[in-house]
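Please examine the following model together with its sequence. The paragraphs below lead from overall composition to the sheet, the cores and a few individual residues.

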Amino acid sequence: MSASRVSQILFSRVSHAARKPQQFVAPAIRCYSYFEIEIERYLLNARIPAIYAGENAKFGQPEIAIGTIPGAGGTQRLPRIIGKSKAMEMVLTGNMISAEEAEKSGQTSNYEFIKVETAGEKKNVGIVTLNRPKALNALCNQLMTEVNHALDHLNSDSSIAAVVITGNEKAFAAGADIKEMKDNSFASNLRQNFIAHWNGVAKSRKPLIAAVNGYALGGGNELAMMCDIIYAGENAKFGQPEIAIGLVSKIFPTDKVVEEAVKLGEKIASHSPLVVTIAKEAVNAAYETTLQQGLLFEKRMFHSTFSLADRKEGMTAFLEKRPPKYTNE
């Protein structure tokens with residue numbers, strides 16, 4: 001990754017108390033508490049790939065040079081990532097290491113099985129592309145961990161209003177990775193709570209649009225159903241063909257599915273993000289409550305919108321026959 005690219009990469013800190021990750025732009029030199037923030041993210045998320053680095057990035061804990069020590073966890077977290085010996089050397093000398101050395105020691109890594117980008121005229125739609133083409137995007141543990149991590153970032157990014165999850169023209173996802181699970185036992189599944197973290201996709205606060213081409217079988221079909229809206233290409237094949245009736249919102253030519261999904265994301269982005277979140281919660285409640293409970297929940301959510309500046313702006317703009325200018329408040 002070039003040095004010019006690094007300024008576009010966001011770093012996140014997930015603390016035990018914070019509800020949302022806080023974002024940082026990666027400078028060329030990583031030191032003091034910024035470095036500690038990144039290794040905290042790394043540890044709290046069970047070695048999820050969280051740090052992208054430019055070729056000229058330098059990592060280190062130089063506090064010793066100014067007569068102090070790391071104060072945001074550097075002496076505690078660094079040994080757990082790179083080992084006691086290397087961590088001791090870095091902390092006691094203040095020496096920095098290159099991005100290449102950091103990658104070898106496990107401090108930086110890139111997504112292996114997904115690609116993440118933004119799209120739309122205003123770059124306000126995130127796209128997560130499953131990227132295991134040789135395995136027809138079979139859903140292994142690492143791929144799903146990466147998907148959840150990417151969604152965490154996109155959910156915390158205020159510039160992103162909706163997210164598209166897609167695969168390639170041959171397969172959205174052909175199911176769970178059988179090779180990975182073939183030796184599992186009931187006991188190991190129970191101990192590890194196997195695939196429980198897959199449900200993280202369904203917990204996304206921002207609208208998810210599945211853009212499905214090719215096979216969506218087994219776990220792939222379930223991944224698509226975790227999304228809020230499904231757009232399908234003409235060649236899409238779902239795990240249970242009969243379920244496509246009522247499952248898919250629209251069908252498009254194969255080469256247009258992602259483009260149309262992004263357009264849908266942009267349309268959603270034109271509305272108040274707060275109201276979109278409320279509307280999504282209300283629709284989801286319909287599947288988990290009785291009709292009467294759901295109606296009461298909807299009414300209370302409707303009432304709550306009258307506390308929002310965006311609700312007032314939306315109604316005012318409608319009466320004044322002009323586009324609304326939402327502030328997410």
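Contact means that heavy atoms lie within 4.5 Å. Among contacts in this protein between residues at least 6 apart in sequence, 65% join residues at least 24 apart. The model is predicted: local features need pLDDT of at least 70, side-chain atom pairs count only at pLDDT 80 or more, and totals for chains, interfaces and linings use all residues. Residues are numbered from 1 along each chain as its sequence is written, and side-chain values use heavy atoms, with hydrogens and water left out.

The protein contains 13 helices and 14 strands; helices (H or I, at least four residues) and strands (E, at least two) are DSSP runs, numbered from the N terminus. Of its 329 residues, 43% count as buried, where buried means under 20% relative accessible area, exposed over 50%, and partly exposed in between (1.4 Å probe, protein chains only).

An open sheet of six strands runs in the order 6-7-8-10-12-14, with mixed pairing. Strand 6 (114-119) and strand 14 (250-252) stand at the edges; each has a single partner strand, so one side of each is left without a neighbour in the sheet. Two strands are taken to pair if DSSP finds at least two bridges between them. Strands of a sheet pair through backbone hydrogen bonds, either parallel or antiparallel.

Strand 10 (208-212) connects to its partners in the parallel sense: four bridges join it to strand 8, and four join it to strand 12. Thr166 has Ala211 of strand 10 as its bridge partner, while Ala210 stands opposite Ile230 in strand 12. Strand 12 (residues 229-233) in turn pairs with strand 14 in the parallel sense over three bridges, and Tyr231 has Lys250 of strand 14 as its bridge partner.

In a regular strand the side chains alternate between the two faces of the sheet. In strand 10, both faces are covered: Leu208, Ala210 and Val212 are buried on one side, and Ile209 and Ala211 on the other.

A nonpolar core is a set of buried Ala, Val, Leu, Ile, Met, Phe, Trp, Tyr and Cys residues joined through side-chain atoms within 4.5 Å. The largest such core has 34 residues, and those with the most contacts inside it are Leu130, Leu143, Phe172, Val201, Val212 and Phe238. Among the elements that give two or more residues to this core are strand 7, strand 8, strand 10 and strand 12, together with helix 9 (219-226). Helix 6 gives the most to this core, with six residues. Leaving aside neighbours within four places in sequence, Val212 is in contact with residues including Phe172, Ala224, Ile230, Phe238 and Val257.

Which residues show a positive phi without being a glycine? Lys123 does, at about 55°, and Asn328 does, at about 60°. Lys123 lies in the loop between strand 6 and strand 7 (125-130) and is partly exposed, with a relative accessible area of 48%. Asn328 lies in the segment after helix 13 (309-319) and is partly exposed at 36%.
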